[in-house]
Amino acid sequence: MGVLYTAIQHAHSGLRWIVLILLIAAIARAYSRRRSGVLYPGKDKLALFAFISVHLQLLLGLLLFLWLSPYGIAADPLEGGGSAVAKYYNYVHWWAMLLAVAIVTIGYIKAKKQAELNKGYKTIGVYYAIGLLIMLAAIPWPFYSGLESVGWS
Ligand code: HEM
């Protein structure tokens with residue numbers, strides 16, 4: 001179990017960079033295509049890859065949160081147990097990331113339905129940007145002084 005926990009923890013940590021890069025690339029492309037008046041073709045490869053990476057991250061996060069991580073639901077902070085770090089994951093990280101994934105998902109699906117209206121790229125740009133901002137805020141960055149002060153290293 002320890003090996004699996006470490007492997008998934010590292011995968012979840014590393015995948016953050018791919019998620020962030022793909023989201024930024026998809027947003028940049030959506031804005032530039034929108035500005036040059038390109039019609040949304042109903043699907044966009046970069047937007048799709050970003051969508052997939054975000055859902056993979058959600059899956060790894062769920063495995064950690066529900067099963068493997070000592071900071072997840074096992075710490076039982078809702079019942080008053082667990083460390084400050086566990087409270088952070090249970091009250092902040094997991095809810096915020098779920099919201100961010102939901103917003104990206106809605107954006108991708110909505111854009112698909114707007115293909116003929118030429119609104120798809122705008123929808124991708126706006127929804128993905130909101131999702132990205134929430135993620136940036138909810139990532140446990142090592143420089144978060146709040147987390148350092150509760151023992152995060
Ligand atoms: C989708 C965007 C997400 C990003 C970018 C993200 C990013 C991260 C990062 C950078 C860490 C720290 C890993 C480390 O270096 O130790 C982490 C930890 C964690 N994340 Fe996420 N996460 C996301 C979504 C989620 C979701 C949706 C859940 C829950 C369902 C989740 C549950 C966890 C848990 C439980 C940990 C603590 C793992 C441990 O150290 O035991 N994450 N996440």
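**A tour of the ligand site**

Start with the ligand: the space it takes is the largest pocket. Keep in mind that this is a predicted model.

Next, colour the helices around the ligand. The elements that give two or more residues to the shell are α1 (2–35), α2 (45–68) and α3 (84–113). Pick out α2: the largest share of the shell, 6 residues, comes from it.

Now show the side chains of the shell. There are 21 residues around the ligand. Those that come nearest are Tyr5, Gln9, His12, Ser69 and His93. By type, the shell divides into 13 nonpolar, 7 polar and 1 charged.

Zoom in on the iron atom of the ligand. Which residues are its protein donors? Select His12 and His93: each gives its NE2 atom, lying 2.0 Å from the iron atom. Helix α1 holds His12 and helix α3 holds His93, so the pair ties together parts that are 81 residues apart in sequence.

Turn the view around the iron atom. It has 6 donor atoms, with angles of 86 to 179° among them, and the site is octahedral. For comparison, ideal angles for six octahedral donors are 90 or 180 degrees.

Finish with the polar side chains.

- Select Ser69: an N or O atom in its side chain is 2.5 Å from an oxygen atom of the ligand.
- Select Ser13: a polar side-chain atom lies 3.0 Å from an oxygen atom of the ligand.
- Go back to His93: a polar side-chain atom of this residue lies 2.8 Å from a nitrogen atom of the ligand.

Key: Residues numbered from 1 in each chain as written. Predicted model: local features only at pLDDT ≥ 70, side-chain atom pairs only at ≥ 80, totals over all residues. Heavy atoms only, no water. Near = heavy atom within 4 Å. Polar contact = N/O pair within 3.5 Å; in protein donor to acceptor, adjacent residues only side chain to side chain. 1 Å grid on protein atoms, 1.4 Å probe; cavity = no way out; pocket = protein on both sides within 12 Å on 5 of 7 lines; lining within 4 Å. Sits in = over half its atoms within 2 Å of the grid points. Helix = DSSP H or I, 4+ residues; strand = E, 2+ residues; numbered from the N terminus. Nonpolar A, V, L, I, M, F, W, Y, C, P; charged D, E, K, R; others polar. Donors = N, O, S within 2.8 Å, 3.2 Å for Na, K, Ca; no water. Tetrahedral: all angles 85-135°; square planar, octahedral: opposite > 155°, others 65-115°.
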